[in-house]
Amino acid sequence: MQYFLIDAETQDPLPEIINWYGKINPQYINEKDADKIKNWELLNVKVCQDTVFPDVLSDPFFMLSKNAAEIVSHYEPGIRMIGIQLFSRKNRILLPYFLPILPMVNCLSSQSEFVNEDIDISKGVLVEKAISSQALFQLAGIDTQRVVIRLDLLESLLRREALSIRIQELEVV
């Protein structure tokens with residue numbers, strides 16, 4: 001099976017989520033602590049005229065548009081999703097996004113290569129037997145949030161014309 005890192009395409013002007021610090025603690029975005037996050041949260045966004053609302057947001061944390069969340073739910077029916085409303089009073093925007101509580105999978109091989117003080121993965125190598133059957137998961141054992149998507153789920157998103165996503169293919173051993 002093929003796997004890819006997935007995040008938002010940063011060449012597009014994306015919504016800037018502001019004042020989120022007191023609302024969602026990134027340390028709670030895991031299966032063990034997710035109950036410490038409200039089921040729905042309102043987050044303010046700063047936008048410009050050309051802002052694109054992508055199907056995947058990766059800053060300050062990984063979120064999915066409503067359409068993308070529905071597709072992910074077909075591949076991962078048991079996945080917990082916390083509702084997020086992106087809100088701009090000035091621009092009269094109220095859009096639903098979803099914060100998936102992804103399993104942490106320790107499958108990154110020592111053959112992987114990093115840049116920028118071991119933050120960015122320049123060559124990702126996954127150990128297939130450690131993955132199980134997850135279609136979407138977070139890499140364990142690294143300091144930053146990196147989300148991995150399986151090829152069949154990625155293709156499903158792309159067939160539905162997912163907006164502004166960026167992928168990086170990973171090797172599997």
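The side chain of Ser88 makes a polar contact with the side chain of Asn91, at 2.9 Å. A polar contact is a pair of N or O atoms within 3.5 Å; within protein, one must be able to donate a hydrogen and the other to accept it, and residues adjacent in sequence count only if both atoms are side-chain atoms. This is a predicted model: local features need pLDDT of at least 70, side-chain atom pairs count only at pLDDT 80 or more, and totals for chains, interfaces and linings use all residues. Residues are numbered from 1 along each chain as its sequence is written, and side-chain values use heavy atoms, with hydrogens and water left out.

**Around Ser88**
- Ser88 sits in strand S6, residues 80–88; strands are DSSP runs (E, at least two residues), numbered from the N terminus.
- Ser88 is buried, at 5% relative accessible area (buried is under 20%, exposed over 50%, partly exposed in between, with a 1.4 Å probe and protein chains only).
- Leaving aside neighbours within four places in sequence, Ser88 is in contact with Val45, Val47 and Ile93 (heavy atoms within 4.5 Å).

**Cysteines**
- The disulfide count is zero (a disulfide is a pair of cysteine sulfur atoms within 2.5 Å).
- Cys48 is partly exposed at 44%, whereas Cys107 is buried at 1%.

**Aromatic rings**
- The whole structure holds four aromatic pairs (rings of Phe, Tyr and Trp, its six-membered ring, with centres within 6.5 Å; planes under 30 degrees apart are stacked, over 60 edge-to-face, the rest tilted).
- One of them, Trp20 with Tyr21, is stacked: 4.4 Å centre to centre, 25° between the planes.
- Trp20 is buried at 11%, but Tyr21 is exposed at 67%.
- Ring pairs link Trp20, Tyr21 and Phe61 into a cluster.

Key
Helix = DSSP H or I, 4+ residues; strand = E, 2+ residues; numbered from the N terminus.
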